[in-house]
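The structure is shown first.

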Amino acid sequence: MEKLKSLVPGTLKQIIAESITDDLPSTCSSLLDFLLHFEPFQQMVKDLTDPEVALCGKSKEGALESKHKGNRCFLKSDYANALDFYTQALRVAPMDAHEADRNLVATLYVNRASVLQKMGLVRECVRDCNRALRISSNYAKAWFRRGKANAAMERYEDAICDLDVAKSVEASDGGKKQIESEIKVVLDQQYRAASSSRQHNQNDSIVLDEPQQMKLQCVTTPEKGKGLASMVDILQASLVHTEDPFATIILKPRRETHCHYCLNELPADKVPCTSCSIPWYCSQKCCIEAGGEICCDYPNNRSIHKYLSDNLQRYVVDTTLNADSERANQIPEHKHECNGVHWPAVLPSEIVLVGRVLVNSIIKRGGSTDRFNLGAISDLSHHYSRMSPESKLELHIYATVLSCCLQHCNGFEVPINGISISQIVILISQIRVNSMTIVRMKFPNHHELEDQFGNLSPWKGGPTSNVEQVRVGQAIYTSASLFNHSCQPNIHAYFLSRTLHIRTTEFVAAGSPLELSYGPQVGQWDCKDRIKFLEDEYSFRCQCTGCSKMNFSDLVLNAFHCVKLNCSGIVLESSVINCEKEKLKHLPNILNTDSIDSLLQAKELNIVSKAVNDMQINSFFQLNPGYCLKCGTYRDLESSSVAANNCIRRLQNSIDSKTISRTTLLGALSSLGVLRSTLHAYNRNIAEAEDNFAQAFCLVGEMQSAMEHCKASIEILEKLYNCNHIVVGYELVKLSSIQLSLRDSGAVDSIDRLYQIFSCYYGSHTDVIFPDLQFLRKEG
């Protein structure tokens, strides 16, 4: 991409840099004419679209090589590496060409099932046996392995049926004797369990009843254009919207760890695509819905039925029946990428997502590609004219490359001309503005928590129970795109599989706009940094309440302490003062005063009143940087910044050191004291330092000190955000885990409070999003 951009003629670059939306057909046509006669471009398209030179196709030789490596590891009891090699073999093994290839796939599934059983993953073992049996229902080894796994799960009746079928289809006398011996073992286990078979039904998902979604109305404002508002009052934690994506794509860093369709974490028995070696799926159902096919049993394998009793015949049919074979009303979004070509693996995720949006819209129109008609997608906002010259050129090139790649897809004759490419340029800019990042909440599992609470020592996953947001995918939700942005949002988005859920985080009065957070919120970055980020990322100037009205968080987030240690006033840098003065210029005329006392009493200003009342400001418009807003004392900001940065650096070196000890931590506390006297008490850097100390003291086993620093961090975050903000909930997970390890009675209150906060954001889905929080509640 960088090479292509550098080789575009300067005059053409200049024309593209100065282009507006109306110019796109002309600029796209000019660039297309240049690229079509440019040999490096032609070679790049060939490398991306020719299955013969791509690395994403199937390879029997590669599968056999990985299989042999897996066999060697299995014989050495190196089960982790054996699992990896068998899985890699499945990824590249041809599945639909010849009977020998299909049998290879079945063998690989059984081999992996053996490893999974050795590793104690018996449910996964059964699923792999099922996959092998759907390919070859007379595969004795698969029935035998399935029987042993079912017995391990105390499914004795199924285990005996499996072993009976295995005995019927086993050709060798030695094999039959081994199976008979295993049947006796299982019968004995069943007898000792008092003939009670405990059936465990594993649900792949949890479906909870939710109240009917609220009826929303589209409203238009001069500042933000179209948006959504409620027609009625909405209570806190109410579910206001759910939606499945128009198109979605997994992010590149998660391709090996999460399902390419549902975006859930991959199990040990992950399933490859049937026709290429790019995607992984968590199940055959996801593989089918994404556009894959399933290897089915050959008719001649069904001849085994004549040797079985009627009951066993029904059992075989039920076991080998592909229950996932019927595709739901889903568009097979991966199918057009699935012929061994390389472009879906090489192009950025958002460009592959654009391709899926185009193909989905073509499929919904019955396959017509005469003119791109994107329906609801075409109404989405974009900011092409405000983009930087480099971004405009990048969009032109990516749109042209994508057009050429899609032209090579089976069943699609995508036009390549200036008009069609210009539509793709707009679509890319729309997706950059309107797509949503799908996240998963990562929480230490209950085994790690159990280790800490049982042994009063930090677990290997980390010193405190960190809740982490993992970015896994990117998607377009056409209706949800109408929700506007705010740095002080009143609704929260989360995901169950691919489905978007939006819930209110506070009471919302009828007619009030419903607004999501697209990026940093008030309390996370100060106003000037938020505005710059949103301009750079989404090409718009934020005018939400958080960026147009004075907020206490914006004043103190990066503020300095007054040089008088007994003064609670704040000292600001010039950039912050200028940003806040700009807000005050646009206040209503009724606030025609420069007395901060009057400003603080105004309801229009979203300020934490109690904390700010102690910081009365006189003549705000005349304020100069470095002077305390309360007492007017001057502070040298340049030397103070150097001192603060030095302290932060020393603290990081002390806490991040591999040789961390109680002695080094106690020495580092003096630097924390200097930081506290230099920065304002609610400066976010102090909150981060306190949090780092909490984790460091956990590592050296000083849990009491860890708890005190964790509480200090939470106290600051409550001022920067609010007491019931989700960020405070995440910190309470840490605090409650420390309190539980100390058997501190305050753990109960912390756990109850974090559940209360999480319920405001996730409602009845809290335990689905954070299943292991139930362990904390139980311990508390």
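Two strands count as paired if DSSP finds at least two bridges between them. The model discussed here is predicted.

**Strand pairing**

Strands β7 (residues 436–442) and β8 (residues 468–476) run antiparallel and are joined by seven bridges. Within this pair, Met436 faces Ala475 of β8. Buried means under 20% relative accessible area. Five of the seven residues of β7 are buried, so the strand is largely enclosed by the rest of the structure. In a regular strand, side chains alternate between the two faces of the sheet.

**Overall content**

The protein has 32 helices and 14 strands. Of its 780 residues, 53% are buried. Among contacts with a separation of 6 or more, 71% are between residues 24 or more positions apart.

**Nonpolar cores**

In soluble globular proteins, nonpolar side chains tend to be buried together. The largest nonpolar core here has 73 residues, and Phe758, Tyr762 and Phe770 have the most contacts inside it. Leaving aside residues up to four places away in sequence, Phe758 touches Ile726, Gly729, Tyr730, Val733, Gly763, Thr766, Phe770 and Leu773. A second, separate core holds 50 residues, including Val8, Phe41, Ile249 and Met387.

**Salt bridges**

The count of salt bridges comes to 27.

| Pair | N to O distance | Relative accessible area |
|---|---|---|
| Arg192 and Asp188 | 3.1 Å | Arg192 60%, Asp188 40% |
| Arg498 and Glu333 | 2.9 Å | Arg498 8%, Glu333 3% |
| Lys734 and Asp691 | 2.9 Å | Lys734 8%, Asp691 12% |

Arg192 and Asp188 both belong to helix α11 (residues 173–192); because they are four residues apart, about one helical turn separates them. Arg192 is exposed, and Asp188 is partly exposed.

Arg498 lies between β10 (491–496) and β11 (499–504), and Glu333 between α13 (310–320) and α14 (343–346), so the pair ties together parts that are 165 residues apart in sequence. Arg498 is buried, at 8% relative accessibility, and Glu333 is buried as well, with a relative accessible area of 3%.

Lys734 and Asp691 also form a salt bridge. This pair links distant parts of the chain, with Lys734 in helix α29 (residues 726–741) and Asp691 in helix α27 (residues 684–699), 43 residues apart. Lys734 counts as buried, and so does Asp691.

Beyond these pairs, salt bridges link Lys5, Glu350, Glu390, Glu394 and Arg432 in a network.

**Helix packing**

Two packed helices are described by the angle between their axes and the distance between the axes. For helix α10 (residues 156–169) and α13, the angle is about 100° and the axes are 10 Å apart. Angles of 65 to 115 degrees count as roughly perpendicular, which makes α10 roughly perpendicular to α13. On the α10 side of the contact are Asp158, Cys161, Asp162, Asp164 and Val165, which meet Leu312, Tyr315 and Val316 of α13. Helix α13 is also one of the elements that flank the loop of Glu333.

**Backbone angles**

Most residues other than glycine have a negative phi. Where does Ala237, with its positive phi of about 70°, lie? Ala237 is placed in the loop between β2 (225–230) and β3 (239–243). With a relative accessible area of 24%, Ala237 is partly exposed. Arg743 is another non-glycine residue with a positive phi, near 55°. The position of Arg743 is in the loop between α29 and α30 (746–762). Arg743 is exposed, at a relative accessible area of 56%.

Terms used
Residues numbered from 1 in each chain as written. Predicted model: local features only at pLDDT ≥ 70, side-chain atom pairs only at ≥ 80, totals over all residues. Heavy atoms only, no water. Buried < 20%, exposed > 50% of the residue type's maximum accessible area, 1.4 Å probe, protein only. Helix = DSSP H or I, 4+ residues; strand = E, 2+ residues; numbered from the N terminus. Core = buried A, V, L, I, M, F, W, Y, C linked by side-chain atoms within 4.5 Å. Contact = heavy atoms within 4.5 Å. Salt bridge = Lys/Arg side-chain N within 4 Å of Asp/Glu carboxyl O. Axes fitted to C-alpha atoms, helices over the stretch in contact; angles between N-to-C directions. Parallel < 35°, antiparallel > 145°, perpendicular 65-115°, else oblique.
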